[in-house]
Amino acid sequence: MIYHAYETVPFYQGLINNIVFDIKKLPIIEKKQMIESGRSLLSSKYMGKYLSNQLKWTRTSGSSGLLYEIYWDKVDDKKSMLELWLLRWKYYKVSPKQKMCYFFPADIGNDDYVESDTKLAISRKCLYDGNLSEIYKKIKQYKPEWMILQPGISLVLCELAKKYGIWKEIRYIEFTGEFLREEVRKCVEDTFCCITANQYGTKEVNSIAYECPEGNMHVMTRNVYLENKGQNLYVTSLSNYAMPFIRYKLDDRGCIRRGVKCKCGRCGDVIDLYEGRENDVIKLPKGEKVHSYTLMQSIHRLNYKYEGCILQYRIVQEAYDKFTYYIVLNKEDCTEDLKREIVEEICYDLHNRIGNECICNIIYENNIYPESKTGKCKVFLSNVK
Ligand SMILES: [Zn+2]
């Protein structure tokens, strides 16, 4: 993979003069470099497939605050998921044939949900705009045997389950996308009376680690090579040939334990993740809380409408009724008209979803820097105690 990347990807070719095969001597890649490099991240061997729209295309979810496009060859994409599917089956007897439910980002399509024989995919916009109880009833009626949920969303479903009850077919819930707090896990297990497991991955490389029944997050060593220095994590994809990632710095923090003999029978690297990307909640004056996704949705929608015009953002709740949006625009798209359009749409959403009395401040920035404490770009911050 190193040879392939440094031979065929313009971005990597520009970094060093001669290829070295000692991974430790290769440069660390930051997400910001990737975002600024656009198409030069693609391997020249895949340009044909890129130009004929044969590559799988996806955008990072935005929870890291940085948005850009990820490409996969469809065969590699499937291959990269193989180890995870094998372990799902080995540990929890979960297979692709069993009915499942998951939530997809609202920027993909306008449907509230997409249903097939084995999958019920629900748009995250339903969590805010749609009728939540209707969607919950839809899930209940579909009777999925398992679900993949972000911890934040799983808590929303727990609330609904208390009101409308659960279904007996549910037996496994997989968490992904956010740091999993044990309180959240306990609440979900108690509410849905099922087993749970944590899965850690990113759209760039797919699955990185998966939790066994003993509670260890085993590194997917067939799919990635994972390193850490201090609490920083660097991943090298062993599968993504179209858009290679070599020593790519992840947003999350953690520590790798090498050669762990686990009671589950697996021997190898285990990762302990640290809390660093928690999605905060918006606090309302009467003590009510709303998930910050409700405002992130505006950004996702604008990016869908204007083809990834917002590179990075941060939303700060300064007071109950005062919100500031820091926005980094894609320089190519930076017209005054677009800026006005963004202001209008964001303010409209804020007034609509939080309250008409809210003051909406929008500040265009060149950069948003990670917080010193966590080393991460938090997308939402609240100063309301
Ligand atoms: Zn294990």
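Visitor: Is the crossing in which α10 passes α11 left-handed or right-handed?
Guide: This is a predicted model, in which local features need pLDDT of at least 70 and side-chain atom pairs count only at pLDDT 80 or more, while totals for chains, interfaces and linings use all residues. Residues are numbered from 1 along each chain as its sequence is written, and side-chain values use heavy atoms, with hydrogens and water left out. A crossing is left-handed if the near helix is turned anticlockwise from the far one by less than a right angle, and right-handed if clockwise; on that convention, the way α10 passes α11 is right-handed.

Visitor: Is α10 roughly parallel or roughly antiparallel to α11?
Guide: The axes (lines fitted to C-alpha atoms over the stretch in contact, with angles from 0 to 180 degrees between N-to-C directions) of helix α10, residues 293–305, and helix α11, residues 336–353, come within 10 Å and cross at roughly 150°. Angles under 35 degrees count as roughly parallel and those over 145 as the opposite class, so α10 is, relative to α11, roughly antiparallel.

Visitor: What kind of pair do Trp-85 and Trp-146 form?
Guide: The ring centres of Trp-85 and Trp-146 are 5.9 Å apart, with 90° between the planes, and the pair is edge-to-face.
The pair links distant parts of the chain, with Trp-85 in helix α6 (residues 82–92) and Trp-146 in strand β6 (residues 146–149), 61 residues apart; helices (H or I, at least four residues) and strands (E, at least two) are DSSP runs, numbered from the N terminus. The type of the Trp-85 and Trp-146 pair is therefore, with planes over 60 degrees apart counting as such, edge-to-face.

Visitor: Is Trp-146 buried or exposed?
Guide: Buried means under 20% relative accessible area, exposed over 50%, and partly exposed in between (1.4 Å probe, protein chains only). Trp-85, at 26%, is partly exposed, whereas Trp-146, at 1% relative accessibility, counts as buried.

Visitor: Which elements do the buried residues of α7 pack against?
Guide: The buried residues of α7 are Ser-133, Ile-135, Tyr-136, Lys-138, Ile-139 and Tyr-142. They pack against β3 (100–104), β4 (113–115), β5 (119–123), β6, α8 and α9 (182–192).

Key
Rings of Phe, Tyr and Trp (its six-membered ring) pair if their centres lie within 6.5 Å; planes under 30 degrees apart count as stacked, over 60 as edge-to-face and the rest as tilted. Contact means heavy atoms within 4.5 Å. Angles under 35 degrees count as roughly parallel, over 145 as roughly antiparallel, 65 to 115 as roughly perpendicular and the rest as oblique.
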